[in-house]
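Student: Please take a close look at one helix for me. I would like its geometry, its packing and its charged pairs in one connected account.

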Amino acid sequence: MPLPVCLFLHAEKGDFLALDLGGTNFRVLHVRVMEEEQKVLKMDICAIPQEIMLGTGEQLFDHIAECLSKFLDSQKLKRQTLPLGFTFSFPCEQKEIDK
């Protein structure tokens, strides 16, 4: 199934949550995007234990939800509605945009 490609038009401004799931860590960031600069206001890194890495998808996403919940509590962001981006940072090879 082809996926749409979106262009970044530099119209995005404000506070955002960024989630990055890598091989051994999960990062949660609160970022602020302004016209000429971007700032990371806070970043937490949650380790992904081996038993979760080898477990079910449900276990992994429960762990992610727990890490995100703790971050939102610590930053007093639970009652805010923020746009969120999620990145899976695993190596891959893509030779064409639609394959």
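Tutor: Start with a cut-off: a residue is buried under 20% relative accessible area, exposed over 50%, and partly exposed in between. Note too that this is a predicted model. The helix is α2, residues 57–74.

Geometry comes first. At 1.5 Å a residue, the 18 residues of α2 should span 26 Å. The end C-alpha atoms are 26 Å apart, so expectation and model agree. After α2 comes K76, with a positive phi near 55 degrees.

Now the buried side. L60, H63, I64, C67, L68, F71 and L72 are buried in α2. An α-helix has 3.6 residues a turn, so residues three or four places apart point the same way. The buried residues of α2 pack against the strands β1 (14–21), β2 (25–33), β3 (38–47) and β4 (84–88), and against α1 (50–53). C67 has 8% relative accessibility, so it counts as buried. A search of the whole structure finds 0 disulfides.

Next, the charged pair. Side chains of opposite charge can pair when their charged atoms come close. K70 and E66 are 4 residues apart in the helix, so about one helical turn separates them. Their accessibility values fall in two classes. E66, at 44%, counts as partly exposed. K70, at 53%, is exposed.

Methods:
Residues are numbered from 1 along each chain as its sequence is written. This is a predicted model: local features need pLDDT of at least 70, side-chain atom pairs count only at pLDDT 80 or more; totals for chains, interfaces and linings use all residues. Side-chain values use heavy atoms; hydrogens and water are left out. Helices (H or I, at least four residues) and strands (E, at least two) are DSSP runs, numbered from the N terminus. The expected span of a helix is 1.5 Å times one less than its number of residues. Buried means under 20% relative accessible area, exposed over 50%, partly exposed in between (1.4 Å probe, protein chains only). Contact means heavy atoms within 4.5 Å. A disulfide is a pair of cysteine sulfur atoms within 2.5 Å.
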